[in-house]
Amino acid sequence: VLLDMLTHPRYGGRIPDSRIDIERWKEWADYCDAQRLTFRGAISEASNLWDAAQPVLRAGRAALVLQGTRITLAVDRPGDPVMMFSVGNIIEGTFETSWLSRQDRVNEVEVSFYDEQDFYKRRVIRVSDETAIERGHQPRTMALDLIGCVSAERAIREGRFVINMNRYILQTVRFEAPLDAIACTIGDLIYVQHDMPQWGYGGRLEAGSTASLVKLDRPVPMIAGRTYKLLIHFSAIRRYEGTITNIVGNALYLSGYDGAKRIKRIWIGDNDLEVTGTFSGGVTVADAAVAKIGDTYSLWDTDVIEERDVLNPLADGSTEVTEVRVSMPFSAAPELHCNFLYGEVGKVKKPFRVRAIDVGDNEYSRVLTAVEYNPTVYDDNVADVPTPNYSDLSSIGQVINLAVDEELIRVANTFRTRV
């Protein structure tokens with residue numbers, strides 16, 4: 001529906017297909033099919049294209065994003081982080097975090113939909129946070145008009161989704177990073193590490209690291225009997241090599257390619273091309289004019305995050321280390337200054353979803369705003385689980401010997417209480 005609205009030459013926006021990120025649209029369509037997200041409505045009022053698209057986007061839990069002249073999508077769905085940020089690539093002094101206040105947390109949603117069982121008449125269903133009601137919280141109601149929703153079952157699902165987002169997605173982070181550290185866009189998932197909340201330990205790698213032995217630029221703790229993880233960000237990793245066996249349009253058939261790993265770029269001679277899609281035995285590119293049958297190629301993945309178990313040699317006690325050995329080698333020996341994350345299992349990093357990217361203090365930096373990520377809020381078949389505590393900080397002990405005094409203060413002809 002949305003693609004037709006944007007591109008149709010008569011009643012749509014007449015946007016050329018070349019400006020549409022069609023691969024992201026396919027991913028969105030697959031997600032909507034899997035989650036039974038549909039739009040069955042009519043756009044009957046005069047409106048601009050952007051406003052008319054919003055009900056369709058809301059039905060599919062997505063948002064339009066401009067990348068230069070191309071139009072892509074940010075889809076609110078489960079996924080894997082594509083970039084990681086730590087004290088190694090967050091500009092010092094820019095990290096800040098905030099939480100959604102209790103007064104702003106919606107615990108009741110009035111969902112309007114158009115019931116196909118009652119001649120598409122408008123109905124309202126109220127969905128409440130049962131836990132908040134049991135605790136006696138004051139109702140904080142939100143109205144949600146679901147144009148394109150025609151069933152009570154779907155309306156209830158969307159109401160629960162809003163409730164769960166308000167109940168579990170509470171924390172926001174904001175920080176500035178150099179432009180070369182940003183390989184993500186709005187809607188992407190990222191890992192965040194910082195020493196202030198102690199979400200693991202991060203930094204850069206020293207020279208001399210191998211695929212199995214990694215040298216860190218800072219000491220990190222290691223305690224006997226505990227399990228640790230190490231994540232490294234690689235700017236690029238070569239995945240396949242071979243020859244081009246056939247060319248059909250912009251589709252390249254490749255020897256030695258099994259399609260098992262993610263691919264972003266292809267090198268053919270001195271030409272570096274973006275891979276726009278993959279299929280069994282080959283890839284597609286935007287323009288295959290530079291390729292010839294028999295040419296050698298190499299396929300690369302970019303901005304790769306690899307995670308490994310750390311070997312813990314301690315039999316007892318604890319120490320700080322600047323070198324760690326992993327149980328299985330990385331795909332390549334990491335280069336000097338690669339970004340790393342280290343920590344105990346479950347406390348290495350915290351996942352977030354990027355909500356905004358703004359210009360920083362200069363043209364070479366960007367300010368990222370992201371909200372915490374909890375995958376269980378997207379699954380209707382799984383009981384929602386509160387977002388885990390990713391901090392490695394020791395818990396605060398119980399407060400004791402707390403005393404409160406109250407006194408009356410006379411101000412003119414009145415008395416005030418001071419505690």
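Trainee: Which residue in strand 15 does I266 stand opposite?

Mentor: In this predicted model, I266 stands opposite L273 of strand 15, and in strand 17 the residue opposite I266 is L299.

Trainee: What makes strand 14 and strand 15 a pair?

Mentor: Two strands count as paired if at least two bridges are found between them, and strand 14 (residues 265-268) has four bridges to strand 15 (residues 271-279), in the antiparallel sense, so the pairing meets that cut-off. Strand 17 (residues 296-310) also pairs with strand 14 in the antiparallel sense, again over four bridges.

Trainee: Where does a positive phi occur in the hairpin of strand 14 and strand 15?

Mentor: Two residues lie between the strands of that hairpin, and G269 takes a positive phi near 65°.

Trainee: What makes up the lining of the largest pocket?

Mentor: The largest pocket holds about 1600 Å³ of space, and of the 48 residues that line this pocket, R24, E27, V82, R262 and K264 are the closest to its centre. Strand 17 gives the most to the lining, with six residues, and the elements that give two or more also include helix 2 (22-35) and strand 15. By residue kind, the lining divides into 20 nonpolar, ten polar and 18 charged.

Methods. Residues are numbered from 1 along each chain as its sequence is written. This is a predicted model: local features need pLDDT of at least 70, side-chain atom pairs count only at pLDDT 80 or more; totals for chains, interfaces and linings use all residues. Side-chain values use heavy atoms; hydrogens and water are left out. Buried means under 20% relative accessible area, exposed over 50%, partly exposed in between (1.4 Å probe, protein chains only). On a 1 Å grid over the protein atoms alone, a cavity is a set of points where a 1.4 Å probe fits but cannot get out, and a pocket is an open set with protein on both sides within 12 Å along at least five of seven lines; lining residues have an atom within 4 Å of a point. Grid points are joined across faces, edges and corners, and a volume is the space filled by probe spheres set on the points. Ala, Val, Leu, Ile, Met, Phe, Trp, Tyr, Cys and Pro count as nonpolar, Asp, Glu, Lys and Arg as charged, and the others, Gly among them, as polar.
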